[in-house]
Amino acid sequence: MNIAIVGTGYVGLVSGACFAEVGANVTCIDIDSEKIEALRRGVIPIYEPGLEELVKRNVSAGRLHFSTSLPEVIDSVEAVFCAVGTPPDDDGSADLRAVRSVARTFGQHIKRFSILVTKSTVPVGTSAIIRRIVEEELERRGESVDFELASNPEFLKEGAAIKDFMSPDRVVIGVEGERSRRVMEKLYRPFLLNNFRVMFMDIPSAEMTKYAANAMLATRISFINDIANLCELTGADVNMVRKAIGADSRIGGKFLYPGCGYGGSCFPKDVRALMRTGLEHGYRMRVIEAVEEVNDAQKQVVVDKLRAALGGFSGKRVAIWGLSFKPETDDMRLAPSLSVIQALLDGGATVRVFDPVAMDECRRRLGDKVEYASDMYDAANDADAVALLTEWKQFRLPSWGVVRKAMRGNVIVDGRNIYDPAELSAEGFTYMSIGRPAVSPH
């Protein structure tokens, strides 16, 4: 089966490589010619465990190709996937310019029945906009060509995207008719063989499912962070509370980990877009508004703890362990680290950072505003405080004696609750975490 995927960002590249892995003949398309040339040479523009090997293997097998032109391949494919970016506009709504461009190109060049599948995250009702654009382009050509639309939202976790694609909890597909359903059934047949759930529905429901899923996960994070903040005020331990409520089968334990807030390319953008969709339909998403408000405030919790422990930031040195918004990715989009670092810099602190993967991305974003360490211990050298912001595995079992000797201060702020308070206290640290009582050296 031949398909084209427009957009070689995170979703497009992972999807293309995984479809090729199960036997489809895939052409990934991007208007960025330098990016396409780099991909042809095996240079992967994003960090995702296993992706480089997957891409190279399927390019070598002749199943994965790269191009800058959709018109060149459109006659040979059964489906065109739109996987372009939909960044947030100033008002929180999704920027659909790239999606509209793909729809125009599709309408300008199809000559036989094809389906246009939206994999980009788009607001409910976008399919109607896409259909209108394609029909307008066909009218300009003076031609009548049958086509159908489909919606196939992605649910990939950065750092585990290949596993999520190859072994999904479910595959959601919104279709317009039986012809598009048959094409999508054929494409996803390898997954059906493994009894994965492929859920067919109407397109608006598929579009809403993506936003509703991310908003629910974001809600759980903000909920437990709200509980954590109250735990600190009342003397309760949020870790005990989290485990106890997570043992209830109706609640479960996933996404109930308190911390310094969520970031990344999905949750913040999708929460805001869902709120905007509500406003456009005359409805306030009050729960979701609170989710965003709590998350924005949570990114300052680490800053507040550092300020209280250090008595202000002027002349202080602070080490940051972890820059990406989550482990196993170099993605720093709306990461808590950016908020924390900016507050420290604004207060007159010197900031020294280390991340196993995201150092280049940090240099691109922050330049020489911060110092760059060679490892976690180098970051702690002469630091008054260390703030753990991303729970990379290599941060989980430090040699605390080495850290203590390297630092000139003794403050550890654990933004992900991965350390044992009693151990840190015994090692001579003033230790603060999220939703648990602070401890002092003894």
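In which sense do strand β1 and strand β2 pair, and over how many bridges? Strand β1 (residues 2-6) and strand β2 (residues 25-29) pair in the parallel sense over 5 bridges. Strands pair if DSSP finds at least two bridges between them. One of the bridges links I5 to its partner C28 in β2.

This is a predicted model, in which local features need pLDDT of at least 70, side-chain atom pairs count only at pLDDT 80 or more, and totals for chains, interfaces and linings use all residues. Residues are numbered from 1 along each chain as its sequence is written, and side-chain values use heavy atoms, with hydrogens and water left out.

Helices (H or I, at least four residues) and strands (E, at least two) are DSSP runs, numbered from the N terminus. An open sheet of 8 strands has mixed pairing and the order β3-β2-β1-β4-β5-β6-β7-β8. Its edge strands, β3 (64-67) and β8 (198-201), each pair on one side only.

A polar atom of the R112 side chain lies 2.6 Å from the backbone oxygen of D75. The C-alpha atoms of R112 and I74 are separated by 9.5 Å, although the residues are 38 apart along the chain.

Key
A polar contact is a pair of N or O atoms within 3.5 Å; within protein, one must be able to donate a hydrogen and the other to accept it, and residues adjacent in sequence count only if both atoms are side-chain atoms.
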